[in-house]
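Me: I've got a protein model open and I'd like to talk it through. Can we take it one question at a time?

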Amino acid sequence: MMKQSINQKDFSAVNLLNRYFFFLFSAIPLSIIAGSSIALINIILIILPFFLLLFKKKNLIWIKDINVQFLLLLYLYLIFNTFISLDYTEAIARNFGFIRFILLFIVINFFFQQKSFNKVFNVWLVILLIVIFDVFFESFNGTNLLGYGETFKWDAAFGGRIVSFFKDEPIVGAYLIGFFLIIVGYSFNKYNDYNAYLRLAVIFLSLVFLFAIIISGERANSIKALVGFAIFYALNKNFSLKKKVTIFTSMILVIFILVSNSNFLKMRYGFEFLQKFSSKEKIETLYKEDIYLQLYKSSFKVFQNYPIFGVGNKNYRYETCDGGKTRKVQIPGYYCITHPHQVYFEFLSEHGLVGFIILLGILFFLIFRNLKIILLSRNYIQIGCLIYLILIFLPLIPSGSFFNDFNSTLFWINFSLMYAVNKETNIFTSNK
């Protein structure tokens, strides 16, 4: 009886722990909306008890995994980068705090090797559908469900973009694209073997995601979403070439109708953009005055001034904005802003040639080392995550800072799931 009682207690404890982790993983999309501090707390609440349990059980097999070792090498480089930064106080929290994403990678691999844990994606789907509804609601109503958006609707910096639940930041498109292909991939994995109507429903879901991103008014993320959509269906082996052409044609047609019937979208994706190329004089003005071109040139100049190690993570602003004191006074020859807004220019200016090679070398190695397995697996969550990671590194397209909390969280969730959801790549099952 004693032994049976102990076993029942152990079983109850395991169930309680599983529910605890299931709840926190399910809350990830909500925590990101709530802000970087809440997302950070959520991640800490996931990784701390998990690693206490691992060390208690002396389960250290994950240390021998080559992927973890390369991530730790990346972490060591970031620590080094802290001490060669122009102002280490700017870089220290970001670089030292990067360890949480390595630990999150390990935790996600542990839990998502269990198919039962895929139910987390059902919760994510519900949360994201609410956000999508809110995006459409704000586009028609002027404010979102909580009343956010009106204050910034025609703000010069925002250009009328949708803010949704993010209140004062036009980043809902970036948020949606971070989960877009995970959810669509999960839906294909789950419903693809049923009937044609459910498969059609998944296609419709992917189009709804795509349209919400476009309606957000975020041009760079809309381009990424379109490219991601095209690659995902091009790689989807469940459709003939004829059906793929039909899907792409329908997508283009509906987007054309959508943009044509919205003055805001025509301004964001049509008139405002094409006007910049309407004459030789406009092109010359674009080259001289466009904010992103000026920023790219400024970033490259920072790289030229610090070609070996760069100025240090999060130190672009320190170099270009009055020594980082006010971040408002522009140093001559530079463009003063928080970060370079493009991943390659960010790496070059803040990490120099050495850091650029280390960062891209390790990241590309880890992203593409299982490419053959991923493409042959027909695991569409994994394929979706791979596509998202590729989109992050599209050249020249503006982006947020690679290392900021919001973007890093989305990146490392996709990176971790890309490994976790396939037993051939999961770090806890691939070496068995």
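Predicted model: local features only at pLDDT ≥ 70, side-chain atom pairs only at ≥ 80, totals over all residues.

**Walking through the model**

Me: What share of the 432 residues is buried?
Reply: A residue counts as buried when its relative accessible area is under 20%. In the protein chain, with its 432 residues, the buried share comes to 51%.

Me: Which residues of helix 5 are buried, and why are they on the same side?
Reply: Helix 5 runs over residues 88-96. Its buried residues are E90, A91, R94 and N95. They sit on the same side of helix 5 because they cover an arc of only 100° around the axis.

Me: What covers the buried residues of helix 5?
Reply: Look around helix 5 for its cover. The cover includes helix 4 (66-83) and helix 15 (316-320).

Me: How far apart in sequence are the parts that F22 and F117 tie together?
Reply: The structure has 59 aromatic pairs, and one of them is F22 with F117, edge-to-face at 5.8 Å centre to centre and 85° between the planes. F22 is in helix 1 (residues 2-26), while F117 is in the loop between helix 6 (99-111) and helix 7 (120-141). So the pair ties together parts separated in sequence by 95 residues.

Notes. Residues numbered from 1 in each chain as written. Heavy atoms only, no water. Buried < 20%, exposed > 50% of the residue type's maximum accessible area, 1.4 Å probe, protein only. Helix = DSSP H or I, 4+ residues; strand = E, 2+ residues; numbered from the N terminus. Arc of directions from axis to C-beta. Contact = heavy atoms within 4.5 Å. Phe/Tyr/Trp six-rings, centres within 6.5 Å; stacked < 30°, edge-to-face > 60°.
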